[in-house]
Amino acid sequence: MTVRSPSFRAGFGGIAALAVGALLASCTAAGGGSGNSAAGGSIKLFVSYAGDSVASSKPNVGNAAKAAVDAINKDGGVKGSQLELVQCKNLFDQGPALDCARKGTSDDILAWVGQDDLFTDQTLPILEQANVPSIGLGTSGSPSDFTSPMSFPLSAGVSGAILSTPLMLKELGHKSITPVECEYPACKNNGKLMRDFAPPYNIDVTSPVEILNLGMPDYSPLAQRVKDMDADAVEFISSAGPALGLMKALADIGHKPALAANPQTIGENDAAENGELLENFLNPSAYPSPREYKKYPMMEQFVNDMAAFEGKSVENYLDAVVYDRSWMNDVQAWQGVYAAAAAIEAIPGDEVTRETLLKVLNDPSTSLNLMEFVTWTPGVAGPEGYERMPQMRTYFTTFKDGKAVDLDIPQNVDLVPTIKGEK
């Protein structure tokens with residue numbers, strides 16, 4: 001079947017800041033009712049994301065999903081039903097992540113959207129036991145993301161960006177890369193993916209250098225280790241604080257390799273504050289920069305609806321929040337709601353349950369046109385080793401005068417044909 005989401009005539013939603021407790025993951029419902037619903041009832045979706053924590057700051061993901069829910073409901077809902085959203089902040093911590101997983105498999109939850117979770121190797125098995133699909137999961141590199149029958153990504157997320165970056169660095173004339181990895185399992189997994197992936201494409205990847213994600217008192221010894229690796233590029237698989245600390249230490253000892261990072265590391269505020277240090281920095285993401293929204297109908301819908309949700313003009317919205325460190329995750333959750341709505345609409349008849357939704361998601365003939373941005377075929381396997389990833393595209397920007405702009409060369413990389421050996 002070929003299905004176009006009924007909600008794409010409506011806008012997506014917006015981003016507003018969320019405060020989060022330092023120690024507890026809390027869940028809040030955007031309304032009541034049942035997620036497993038017939039027409040005329042309500043359909044409940046669930047989003048698990050970091051919020052604000054010591055390990056990560058992604059306060060806007062929940063509001064991005066909520067804004068999509070609001071826009072779809074304003075346009076009539078899905079199959080005559082209204083959507084509801086439950087938000088859970090996992091704080092990028094194991095305990096809260098498992099707590100979110102248990103809460104997110106209650107009987108009234110139909111599906112997850114935009115999951116942003118460092119512990120998916122432990123949380124996805126909980127979803128598997130309850131047959132709860134995770135639509136638009138943003139992979140951070142955990143093996144389960146690529147194999148779990150409940151994982152239905154819309155993109156390859158952080159992992160796709162990290163895998164694509166060596167190919168783009170090679171295109172820009174670089175020959176070797178030193179990965180700088182944080183101590184978290186997701187960082188290690190992504191580093192290993194890159195070291196295994198790049199050599200067949202004649203890109204040399206040195207041994208990794210470990211950096212502590214919560215920061216270090218002195219980055220000078222680490223900078224010397226990176227310099228001794230003698231690579232002409234460095235890719236950071238870590239959070240912003242330690243990455244910027246090491247970048248400054250590299251500059252202090254006169255070592256100036258090309259710099260790249262995962263898409264959650266450096267934002268426009270960092271580029272504006274650090275001037276020349278981040279000029280020509282390579283920034284990968286599963287989505288184009290919101291500043292390029294006029295080139296992409298989906299991104300135009302995104303910024304228009306985000307602005308409407310926040311009660312701002314598009315210009316004011318872009319000036320206030322565009323291209324912060326978590327914007328990719330915001331788009332991911334926002335798009336996940338629309339993908340879920342499209343899949344629900346594709347269910348024959350009015351019985352909306354986990355079983356009927358999974359039947360549509362696992363049907364290889366299901367083809368969902370997501371705003372002309374991607375044709376999503378969730379039931380079609382991706383390349384070997386990435387079976388849950390039927391699409392793996394990365395877009396690249398750089399910084400000029402503190403603003404995110406497209407690279408001067410073609411800036412997107414499609415990993416699926418590359419991995420399949422088709423190009």
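Trainee: Which strand is the place of Ala233?

Mentor: This is a predicted model. Look for the strand that spans residues 233-237. Ala233 belongs to that run, strand β13.

Trainee: Is Ala233 buried or exposed?

Mentor: Buried means under 20% relative accessible area. The relative accessible area of Ala233 is 0%, so the residue is buried.

Trainee: Which residues does Ala233 touch, leaving out those up to four places away in sequence?

Mentor: Take Ser176 as one example. Ser176 and Ala233 are 57 residues apart in sequence, yet their C-alpha atoms are 6.2 Å apart. With sequence neighbours up to four places away left out, Ala233 touches Leu169, Ser176, Ile177, Thr178, Pro257 and Ala258.

Trainee: What share of the contacts in the protein chain with a separation of 6 or more comes from residues 24 or more positions apart?

Mentor: The chain has 14 helices and 20 strands. Of its 423 residues, 62% are buried. Among contacts with a separation of 6 or more, residues 24 or more positions apart account for 71%.

Trainee: How much of the accessible surface belongs to carbon and sulfur atoms?

Mentor: Start from the total for the protein chain, about 15400 Å². The share of carbon and sulfur atoms is 50%.

Trainee: How are α7 and α8 oriented to each other?

Mentor: Helix α7 covers residues 220-229 and helix α8 covers residues 240-252. Their axes are 8 Å apart, at an angle of about 70 degrees. Angles of 65 to 115 degrees count as roughly perpendicular. Therefore α7 and α8 are roughly perpendicular.

Trainee: In which hand does α7 pass α8, and how many nonpolar residues does their contact have?

Mentor: The crossing of α7 past α8 is right-handed. On the α7 side, the residues are Ser220, Leu222, Ala223 and Val226; they meet Leu246, Ala249 and Leu250 in α8. By class, that contact has no charged residues, 1 polar and, for your count, 6 nonpolar.

Trainee: How are α10 and α12 oriented to each other?

Mentor: Helix α10 (residues 297-310) packs with helix α12 (residues 327-345) at about 100 degrees, with axes 12 Å apart. That angle lies in the 65 to 115 range, so α10 and α12 are roughly perpendicular.

Trainee: Which residues make the contact of α10 with α12, and how many of them are polar?

Mentor: From α10 come Met298, Met299, Gln301 and Phe302. From α12 come Trp327, Val331, Trp334 and Gln335. The classes are 6 nonpolar, no charged and 2 polar.

Trainee: Which elements do the buried residues of α13 pack against?

Mentor: Helix α13 spans residues 354-362. Its buried residues are Arg354, Thr356, Leu357, Leu358, Val360 and Leu361. They pack against β7, α3, β8, β9, α12 and β17.

Trainee: Is Asn280 buried or exposed?

Mentor: Asn280 is in the loop between α9 and β15. Its phi is positive, about 70 degrees, although Asn280 is not a glycine. Exposed means over 50% relative accessible area. Asn280 has 52%, so this residue is exposed.

Trainee: And Met371, buried or exposed?

Mentor: Met371 is in the loop between β16 and β17. Met371 has a positive phi of about 55 degrees and is not a glycine. Its relative accessible area is 9%, and the cut-off for buried is under 20%, so Met371 is buried.

Terms used
Residues numbered from 1 in each chain as written. Predicted model: local features only at pLDDT ≥ 70, side-chain atom pairs only at ≥ 80, totals over all residues. Heavy atoms only, no water. Helix = DSSP H or I, 4+ residues; strand = E, 2+ residues; numbered from the N terminus. Buried < 20%, exposed > 50% of the residue type's maximum accessible area, 1.4 Å probe, protein only. Contact = heavy atoms within 4.5 Å. Areas by Shrake-Rupley, 256 points an atom, 1.4 Å probe, with all protein chains shown as cover. Axes fitted to C-alpha atoms, helices over the stretch in contact; angles between N-to-C directions. Parallel < 35°, antiparallel > 145°, perpendicular 65-115°, else oblique. Left-handed = near helix turned anticlockwise from the far one by under 90°. Nonpolar A, V, L, I, M, F, W, Y, C, P; charged D, E, K, R; others polar.
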